[in-house]
Amino acid sequence: MQEIQINCERVLGDLYTLREVGKYKNGVHRPTLSEADIWVRNWLKDQLNSIGFKSKIDGIANVIGYSPASGKKLLAGSHLETQNRSGWLDGVLGVIYALETARAIHEAGGHELGIDVFAFADEEGHFGSFLGSRSLIGQVTEKEIDAARDRTTGVPLRKALLNAGLQGVRRELLNPERYLGMFEAHIEQGAILEHHAKSIGVVETIVGSKQFKVIARGQQNHAGTTPMHLRRDAGRAILSVYQRLETVFSNLTSESTVWTFGKIHFYPNQPSIIPGHAEMTVQIRDPSRDVLGSLKSELQRVVEEEAESSPCDLEMKIESESAPARMDTDLISILEATAAKIAPLDYIKMNSGAGHDARTLSAIMPSSMMFVPSIGGLSHHYNENTSDEHIKLGARIYSDAAIAMISLANLNL
Ligand SMILES: [Zn+2]
C-alpha cells in the first residue's frame, strides 16, 4: 500500500461544486428532498460507486456508502441538506471530508481500511428531528413518517419521498457490530475557536437540549373599559413567567448554559385588546444532565406558582428533550494526538452547543466530532463561511485521525 494522501484541492473543488447546487446569494437553499437536495444525494452516491463502494439511498433519503473492506469500519459523514437560504458548509463539509478520506484510501490501495461514508437525511429538521440518523438506529416509526410534513411548505414527507423515487424503499438499520465508531466533522457554527484563535475543535460533549411551551389562557377583552383588577391578561401572565425565569435561570446556570425564549405569541396581538391567550417557547441547552434537570424543575415550579397567583390558567408542555452526549474518550484521544501532530497548539477541546447526528449515533456506538472555525461565528445564514486554509487543515486532520482510528481498531482485533 502506498502512503495515503488526501487531495485538499479536490476537497475544495467538491465543496465549490456543491455550493452551486441550490445557490442563494453567498450560500445555499437546499431543503431536504428538494430537487437540489436529491441531485446532491445522487452525486454522492455516484462518487462512492466510482471508488468501488456499494452505495444507495435508503427509504428516508440517507445516502449510505458501504466500504468493501473487511474488518471493523469507521462510520464517517454528516448531512447534505441545508436550512432555508442558509450556509454552504453546514453539513456538506463533513460529508466531503469523509468522501475524500475514502477516495484517498482507495487510491493508495488501502483496501483493508474500512470507512463507510454516510449523509444523514434531514439533520436540519425540515420534516422532523434528526430523522435520518434516528431512523438508522430504529427510533423512527412509520407513524412518525405518516405525520411528518415540511415545516415550510406543508408537503407531506410521504409525498416528498414519492417524488424522490424513494417510496417503498427499505430504511436501513445500522448494525453496531460492524463499527468501531463514528466520526463527524462540522463547521463550529459559533465563535469559540475564533475567540481562542485556534483552528481545530476537538468535541468532548454535545450539549443536551430541552424545549418547552408555556401556555396562558385568560379572557380577551377591551383594553380601555376593563379595569386592571378585573383583567385576565394572558400576555401579562406569560411575561411574568419570563421575568421570573430570567432571574431563576441566571442563578442556576454555568458559563456553558444557554436559554432562549425564541417565540412569544399573544392572541389576537392587537394594541387595544387584552390578550386572551399567550404562548412562549423556552429552550435550554447544557452539557450537564443535572443542570438541565434542575432548570426543568425550576421552570415547572415557576409555572405552578404563577398559576396559583395569576387570574389566568397556565400550563407547561414538553416539546422535545435530548440528553447530552459524551464523545468517546479513545476516539477523542486519537483525534487530539493527530491535531497535536499536524497543528501543534492550534486546537482546543470544547463542547458543541448545536445538536448533531453524532449525538444520535452515540446511543449505539462510540462517537466523535471535530470542528473547524466559522468566520465571525456566523451560521444558519447565507454568509456563513470558513477560510480555505481552515477547510484544508481540517481535511488533513480529519483523514489522518480517521485512518488512525480504523488502523488501531483493527490492530486490536
Ligand atoms: Zn449541520
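These legends walk you through a few close-up views of a predicted model.

**View 1. The protein is divided into two parts, domain 1 and domain 2.** Domain 1 is made of residues 8-207 together with residues 324-411, while domain 2 covers residues 208-322. Taken over C-alpha atoms, the centres of domain 1 and domain 2 are separated by 36 Å.

**View 2. Here we visit the contact between domain 1 and domain 2.** Domain 1 gives eight residues to this contact, and domain 2 gives 11 residues. What kinds of residues does domain 1 bring to the side that touches domain 2? On that side, two residues of domain 1 are nonpolar, five are polar and one is charged.

**View 3. Strand 9 and strand 14 run antiparallel.** Strand 9 spans residues 208-217, and strand 14 spans residues 277-286. How many bridges join strand 9 to strand 14? There are 10 bridges between them. To find your way, look for Lys213, whose bridge partner in strand 14 is Thr281.

**View 4. Strand 11 also pairs with strand 14, in the antiparallel sense.** Strand 11 consists of residues 258-260, and three bridges link strand 11 with strand 14. A handy landmark is Val258, which has Arg285 of strand 14 as its bridge partner.

**View 5. Strand 12 is another antiparallel partner of strand 14.** Residues 264-267 form strand 12, and the pairing of strand 12 with strand 14 extends over four bridges. Which residue of strand 14 is the bridge partner of Phe266? Look for Ala278, the bridge partner of Phe266 in strand 14.

Notes: Residues numbered from 1 in each chain as written. Predicted model: local features only at pLDDT ≥ 70, side-chain atom pairs only at ≥ 80, totals over all residues. Domains from an automatic or database assignment. Contact = placed C-beta atoms within 7 Å. Nonpolar A, V, L, I, M, F, W, Y, C, P; charged D, E, K, R; others polar. Pairing = 2+ DSSP bridges. Helix = DSSP H or I, 4+ residues; strand = E, 2+ residues; numbered from the N terminus.
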